[in-house]
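Open the model in your viewer and keep the selection tool ready.

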Amino acid sequence: KYDLIIGPNATTTAYNLGEGLDDPLKTFLDDVLVFPANMAGLPGMNVPMGFGSGHLPIGLQIIGNSFEEAKMYQLASFIEKELNLDLEPGKVK
């Protein structure tokens with residue numbers, strides 16, 4: 001019924017460089033949102049959407065149907081152009 005599924009790609013913003021690597025369970029659970037696409041064998045991509053608290057990156061996951069990757073790229077391109085996101089790292093607004 002749907003061409004694409006969109007949602008967050010992680011349960012938190014990214015970690016600061018070198019942080020968050022000492023807890024394997026937390027690291028595993030941070031990836032829980034990408035498991036369904038992987039287990040189902042569906043194509044998925046992550047698109048940067050901006051920055052959260054602490055100016056750490058956040059992302060959007062796009063999941064498509066098998067062999068319909070073009071629709072994912074079309075949505076990602078639309079997001080990039082229409083939202084005109086300023087994604088320059090280190091630049092605080």
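A polar contact is a pair of N or O atoms within 3.5 Å; within protein, one must be able to donate a hydrogen and the other to accept it, and residues adjacent in sequence count only if both atoms are side-chain atoms. This is a predicted model, where local features need pLDDT of at least 70, side-chain atom pairs count only at pLDDT 80 or more, and totals for chains, interfaces and linings use all residues. Residues are numbered from 1 along each chain as its sequence is written, and side-chain values use heavy atoms, leaving out hydrogens and water.

Select Gln61. A polar atom of its side chain lies 3.5 Å from the backbone oxygen of Pro8.

Now show strand E3, residues 57-64, which holds Gln61. Strands are DSSP runs of E, at least two residues, numbered from the N terminus. Strands pair if DSSP finds at least two bridges between them. Seven bridges join E2 to E3. Pick Gly50 to find Ile58 of E3 opposite.

Last stop: the rings. Which residues form the aromatic pair? Select Phe28 and Phe35: their centres are 5.1 Å apart, the planes at 40°, and the pair is tilted. Rings of Phe, Tyr and Trp (its six-membered ring) pair if their centres lie within 6.5 Å; planes under 30 degrees apart count as stacked, over 60 as edge-to-face and the rest as tilted.

Conventions: Helices (H or I, at least four residues) and strands (E, at least two) are DSSP runs, numbered from the N terminus.
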